[in-house]
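Below is a short report on a two-chain model. It covers the fold of one chain and then the contact between the chains.

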Protein chains: 2
Amino acid sequence: MSEPAPWKLLRTRAERDFRIFTARTLDVADPRNGAEYVRTVLACPDWVNIVALTEDQRVVLVRQFRFGTWSNTLEIPGGMVDPHETDVQAAAVRELEEETGFVPTSVEPLGISHPNPAIQTNRLHSFLARGCRRVHDGKQDGSEDIEVVLAARAEVPRLVQSGQITHSLVLAALLYDALGPGALR
Amino acid sequence: MSEPAPWKLLRTRAERDFRIFTARTLDVADPRNGAEYVRTVLACPDWVNIVALTEDQRVVLVRQFRFGTWSNTLEIPGGMVDPHETDVQAAAVRELEEETGFVPTSVEPLGISHPNPAIQTNRLHSFLARGCRRVHDGKQDGSEDIEVVLAARAEVPRLVQSGQITHSLVLAALLYDALGPGALR
């Protein structure tokens, strides 16, 4: 059973920089027959998210208005790795603190996934944080309006099943957590 | 604890139609103070994916080359709901048959998530199919090169933990499955 052969990249061109991603058009050639196709991908920085547990085993969630779905969502904290950041775990801890004011005593990796390998270049790094304590009210920029919600860890499956947590990338992190933190190392 | 107020949509403009999504720029106003911001969203059709079980409890997986990550991935079947399709379950069964040639005897919904509520408008509808039997070799278009891989259902957590299945949207479907099919209805 042989793996599909990698395609040949003929040329790429940037279409437009949308700040959070750059649309890029690829001319590609099928390795089987040389047939050429045009494909669009979104070049994005890596993303992070974090399952953050308080000392009393509550999960730190954030509720905020999202422009894609034009609705409020309930999520775990997360965001983009900044261009200057080389430590993705530090980026996840930074997002947690900026969005919620919570700071952990320990952090471990849960897993690395690809938000959409068909069209996005980037990875999602998911983490588990323990012993989180709130040290301030969060450092949100002017356009952010984030409400912190604490839920018992045992309640999270119900929040998923009842459709209160619907962000696919949050679900990916929760699967890693469900399969056992630390199992990936 | 009040929910964040919905933002005011001032105007939108289509930036570019990339076939699989349309980049759209929104001018929005913060409901708290009227401050205006520009945000980009990707208008996409809804997506589907499907955990397909054979009669002997194996999961039907597909391996294919993906242009976003420029690598082969191992995924459950899935794709876009076509513009004329009103039945998302039928769309999932169609994708399963097109990509693999497998046809199920029964299908049930697993859950509806949002691939990226921050920037995408669309939903992901995940399904569980049972009693799948291969009736042909799949109906791939010229540019597709999909290899069918059958894995024991009990092996799937290991495929996730070992980094062989990394597609975040597949992980979302697997979480729904892990929480118990049918629990959402």
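What share of the contacts in chain A with a separation of 6 or more comes from residues 24 or more positions apart? Such residues account for 63% of these contacts, where a contact means two C-beta atoms, placed from the backbone, within 7 Å.

The model is predicted: local features need pLDDT of at least 70 and side-chain atom pairs count only at pLDDT 80 or more, while totals for chains, interfaces and linings use all residues. Residues are numbered from 1 along each chain as its sequence is written, and chains are lettered from A and ligands numbered from 1 in the order in which they are written.

Chain A contains 11 strands and 3 helices, taken as DSSP runs numbered from the N terminus (helices H or I, at least four residues; strands E, at least two). Their order from the N terminus is β-β-β-β-β-β-β-α-β-β-β-β-α-α. Of the 185 residues in chain A, 41% are buried (20 or more other C-beta atoms within 10 Å of the residue's own, with C-beta atoms placed from the backbone). Along the principal axes, the C-alpha atoms of chain A fill a box of roughly 60 × 45 × 35 Å.

The domain bounds come from an automatic or database assignment.

| Domain of chain A | Residues |
|---|---|
| domain 1 | 8-43 |
| domain 2 | 47-178 |

The centres of domain 1 and domain 2 of chain A, taken over C-alpha atoms, are 31 Å apart.

Between the chains, 59 residues of chain B are in contact with 59 residues of chain A. On the chain B side, α3(B) gives the largest share, 7 residues.

Methods:
Buried ≥ 20, exposed ≤ 12 C-beta atoms within 10 Å, placed from the backbone.
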